Every structure is written in structure tokens, then in C-alpha cells.
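Subject: Structure handover

Hello,

Please find the structure below. My notes on it follow directly after.

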Amino acid sequence: MNFRPTIVAFLCNWCAYTGADLAGTSRLHYAPNVRIIRIMCSGRIEPTFILKAFKEGADGVLVCGCHPGDCHYQEGNYKCLRRFRLLEKFVSQMGIEKERLKLEWISASEGKQFAELINEMTGTILQLGPGKVQRTLELEHLKTK
Amino acid sequence: MSQEPTKPKLKLAVYWGAACGGCCVSVLDTHEKFLDIVAAADPVFWPIAMDIKYKDVENMPDKSIDLTLFNGAVRNSENKHMAQLMRQKSKILVAYGSCAYMGGIPGLANFFSKQDIFKRAYEETESTNNPEKINPLPSVTVKEGTLEIPVMFNDVFPLNQIVDVDYYIPGCPPQSERLIEVFSAVVTGVGLPPAGSVVGANDKTNCDDCKRKKSDNKKVKKFFRPWEIQDDKETCFIEQGVICMGPATRGGCGVRCVEGNSPCRGCYGPPPGASDPGAKMMAAIGTMIDANKPEEIDEIIETIVDPAGLFYRFSLPGSILGRKVL
């Protein structure tokens with residue numbers, strides 16, 4: 001099967017995005033399946049963003065912020081963590097496998113860890129297969145025709 | 001003296017899809033103001049109040065009904081046919097009430113599939129005795145001919161996923177006073193916002209209208225269901241640990257539930273700018289959790305028993321995900 005997963009990643013400007021940048025400047029090879037969206041802080045992430053990513057066809061969604069205690073805005077990453085845990089519970093109620101949604105802390109110096117994270121997550125999603133949110137909605141609409 | 005020509009009366013239709021009937025009754029709940037409504041408009045189609053057949057509506061000229069209040073979600077082929085018919089016959093089609101607006105209570109069926117629902121309803125419920133496992137069929141042939149009933153869809157849809165909708169009046173049911181405001185705007189043609197707007201509701205959240213005492217420091221160690229706690233009748237519900245949908249719900253109802261000491265359930269749908277009330281609510285509630293360690297956070301989240309059902313009580317089909325993934 002020729003399935004190429006699409007992973008949408010929300011990376012905070014100060015740590016995770018810089019970490020991803022480091023992976024690039026260090027010329028590390030990692031899976032090309034990730035679509036990175038830079039945001040100022042992981043605390044900015046609203047559940048709406050993540051749900052929308054799934055609806056628009058993401059097979060997985062990754063959120064990365066600074067390590068606990070390192071947030072540029074003091075506690076944005078804690079806010080992110082709390083929302084994320086609640087969202088995880090909701091997402092599993094909605095029948096989306098919880099492996100499709102991941103939160104990791106990546107510091108500005110962790111380019112290698114970022115590359116490994118993307119490889120690992122791409123592998124997980126490859127095993128799970130394509131996300132089903134979009135397909136489910138389309139199918140249900142067809143059935144009313 | 002010549003007689004002044006009378007202004008032609010408007011034609012009004014009220015139709016129900018997958019609904020409980022409450023919305024139709026809310027039109028009657030305008031009490032004596034209802035006389036003003038019928039003075040300005042003739043009801044031409046209104047199954048709860050009038051005896052008229054679908055074929056009579058089919059025979060009306062297109063766009064001959066000035067205002068249709070369509071309440072209820074679209075659940076089966078009959079609802080869909082009628083939604084399309086009412087769209088064709090009406091100048092202004094209003095999605096009236098939470099079900100037509102975002103799916104409403106019937107929309108909770110989107111947590112299941114049609115098979116799940118049939119199995120539960122016709123085989124498993126405690127009061128069911130159906131050893132032959134007889135399930136309803138959309139058509140059956142008997143010796144007199146073929147009998148047909150509408151086909152139930154796997155999903156519940158809000159009205160705007162089936163036909164174009166001009167206005168939305170939220171509420172379960174909409175407050176009758178707000179209906180009168182909207183109705184007067186339609187009659188006079190003054191004060192109607194652009195098509196696609198939510199009317200008969202405010203532009204701010206319910207918290208804005210709520211009179212309970214609120215502080216900026218909202219921190220919650222444990223969430224309670226309303227019956228688990230003695231409400232002090234004056235402090236913000238969320239500060240007491242009871243989940244109230246106020247922060248993610250459009251105002252306009254007059255905060256009736258909270259005035260009656262019950263937390264807001266969110267029937268007025270999301271405020272302007274938010275497309276998904278549940279996601280908005282998760283964002284709000286998430287930040288109020290008073291813990292930093294993952295285990296402690298999880299312990300507090302454990303006390304929110306059913307986040308999906310609670311946050312999307314009236315809005316699942318109209319939300320971003322729309323239904324449980326199959």
C-alpha cells in the first residue's frame with residue numbers, strides 16, 4: 001500500500017521550532033511526513049486547531065513545546081498540557097486512536113530528539129493506517145444521496 | 001371614501017424535522033403576542049397546529065412562503081425531502097432551535113452508528129421483548145403491495161448541511177420574546193442582518209449576562225456534577241467546580257438556567273468567532289485545572305465523566321468532527 005502519512009505539528013517558537021531548525025541545520029535525515037506550523041507558545045494551542053487538522057485530513061497531530069519550567073512565558077506549556085490531557089480524553093471518546101495525537105517537549109538544543117520523534121511518530125501512524133475523520137464524514141453524506 | 005388597499009399578509013410556515021415538538025410549542029408560547037403574529041402573517045403550513053398535507057405544500061408556487069421556521073435536525077429521508085421542499089417554497093428559511101442549528105439533542109446519536117442504535121432500541125433495552133429480532137425496514141412487501149417508511153440515516157445533520165439556510169435562531173427552545181423580535185424584523189424588513197447570521201441572540205457569551213459573582217482566579221481541584229455539591233446560589237458555577245457551558249455559549253436566553261440555579265448546558269450554541277463550542281469549552285476548562293503534574297491533571301480530568309457528551313450536548317453534528325469516527 002502506498003500510504004504516506006501527513007502529520008501536522010504545532011511547534012512553539014522558542015524551543016520546539018528552534019529544535020526543528022537545529023535538526024535541519026545539522027542536516028539530520030528524518031521522515032518527510034511532517035507539516036510544521038510555528039506558533040508563539042504551546043499555550044496558544046486551542047483544541048479547535050487540532051480538531052480542524054484532523055478534519056482536514058491529518059493522519060496525526062503533534063504538539064511540541066518547551067520542557068516544563070522552561071516556557072518563555074513562564075507557564076504556557078503547563079496550560080497546554082492541561083488542555084491536551086482533556087482533549088486526549090475527548091478524542092478517544094470520538095473514536096480517534098490516541099496514538100494519533102502526541103505532545104512532546106523539545107528544547108532548542110534537541111534537534112536529534114526532534115528527528116527521532118518524527119521518525120517514531122511516522123512509523124506509528126504508518127502502522128495505524130490513514131486517519132478516518134474525513135472519510136467518515138464524506139461517507140455519511142454520500143449515504144443521504 | 002375609497003377603502004385603503006390592505007397590505008398583503010405574509011405567509012408563515014413552521015415545520016419540524018427530528019425534533020421533540022418544543023420549538024413548535026415555543027411559537028405558541030408567545031401567548032397573546034401570537035395574535036400579532038397571525039395579524040401580520042397567515043400560517044400556511046404547520047403540522048403541529050394545522051391539518052395540511054405535504055402534497056398541498058408541493059402544489060404551492062416556489063418562494064411563495066415568506067418565512068419558514070424549520071425546527072429539528074435532519075435524521076431521515078423524510079426530513080431531508082421536507083428540508084429541500086421548504087427551501088424551494090420559502091423566501092426566508094430559518095433554522096429554528098438548537099436541533100436545526102447544530103444538531104441538538106437528537107445529534108447525540110452521532111456518538112453511535114445506526115446499527116448500534118437499532119440494536120439497543122429493538123433488541124437490548126430492558127423493556128424490549130423481541131426474540132425474533134424484528135427490526136424496522138424501510139420497505140416491506142405484503143400481499144396488498146409494498147409499504148414504505150422513510151429511511152433513517154446513519155447520521156444526524158443540522159439543517160445547513162442539507163440546504164442553504166438564511167438565518168439561525170438558537171435555543172432549546174428559542175426564547176419566545178426573541179422570536180417576536182426576529183418576526184417583527186422580518187415583517188418590517190428593518191434590522192435584519194445579512195443572510196447566514198445568527199439572530200435572536202446576543203454577540204457575547206452567557207457569562208456576560210450572568211449575575212453570579214466571578215473572580216479572575218479560576219482554579220479547580222475537582223469537578224463536580226451538579227447533584228454532588230451544595231450550590232451557594234451566588235458564586236460562578238465553574239469556580240465552585242461545576243461545569244457550566246456559559247463561557248462557550250452565546251447569550252440571549254436571559255441566563256434562565258443559571259437564574260434557576262442550574263449550570264448552563266449550552267443550547268444557544270457557540271459565541272461569534274467560535275465554530276466549535278466543545279473545543280472552546282475544553283480550552284476554557286483545561287486552563288482552569290489547578291495542577292501541573294501530569295498525574296494530578298489526569299486525576300482532576302477523571303472527575304469530568306463524559307467530556308464529549310457534556311461539551312457537545314447540543315452541537316455534535318454541527319461541530320468540527322461532527323460524529324464519532326467509524
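B:Lys233 is exposed, with 7 other C-beta atoms within 10 Å. B:Lys233 sits in the loop between α8 (206-209) and α9 of chain B, and has a positive phi of about 70° although it is not a glycine. Helices (H or I, at least four residues) and strands (E, at least two) are DSSP runs, numbered from the N terminus.

This is a predicted model, in which local features need pLDDT of at least 70 and side-chain atom pairs count only at pLDDT 80 or more, while totals for chains, interfaces and linings use all residues. Residues are numbered from 1 along each chain as its sequence is written, and chains are lettered from A and ligands numbered from 1 in the order in which they are written.

Two other backbone points should be noted. A:Gln74, not a glycine either, has a positive phi of about 75°. A:Gln74 is in the loop between β3 (60-65) and α3 of chain A and counts as exposed because it has 11 C-beta neighbours inside 10 Å. The peptide bond between B:Cys172 and B:Pro173 is cis, with omega about -10°; B:Pro173 belongs to the loop between β9 (167-169) and α7 (176-188) of chain B. For reference, most residues other than glycine have a negative phi, and most peptide bonds are trans.

B:Cys172 also turns up among the contacts of B:Cys267. Leaving aside neighbours within four places in sequence, B:Cys267 is in contact (C-beta atoms, placed from the backbone, within 7 Å) with B:Ser98, B:Pro170, B:Gly171, B:Cys172 and B:Phe314. B:Cys267 lies in the loop between α9 (256-259) and α10 of chain B, and is buried because it has 25 C-beta neighbours inside 10 Å.

As a whole, chain B has twelve helices and ten strands, and 41% of its 326 residues are buried. Its C-alpha trace spans about 75 × 65 × 30 Å along the principal axes. Chain B is divided into domain 1 (10-105 + 156-198), domain 2 (108-153) and domain 3 (206-311), with bounds from an automatic or database domain assignment. The C-alpha centres of domain 2 and domain 3 of chain B are 37 Å apart.

Now the interface. Here 27 residues of chain A are in contact with 26 residues of chain B. On the chain A side, α2 (47-55), α3 (76-93) and α5 (133-142) each supply at least two residues, and α3(A) gives the largest share, eleven residues. By class, that side has eleven nonpolar, five polar and eleven charged residues. Ala, Val, Leu, Ile, Met, Phe, Trp, Tyr, Cys and Pro count as nonpolar, Asp, Glu, Lys and Arg as charged, and the others, Gly among them, as polar.

How do α3(A) and α10(B) meet? The axes of α3(A) and helix α10 (residues 277-288) of chain B come within 8 Å and cross at roughly 130°. Axes are lines fitted to C-alpha atoms, for helices over the stretch in contact, and angles run from 0 to 180 degrees between N-to-C directions. The two helices are therefore oblique to each other; angles under 35 degrees count as roughly parallel, over 145 as roughly antiparallel, 65 to 115 as roughly perpendicular and the rest as oblique.

Regards

Note on methods
Two residues are in contact if their C-beta atoms, placed from the backbone, lie within 7 Å. A residue is buried if 20 or more other C-beta atoms lie within 10 Å of its own, exposed if 12 or fewer, and partly exposed in between; C-beta atoms are placed from the backbone.
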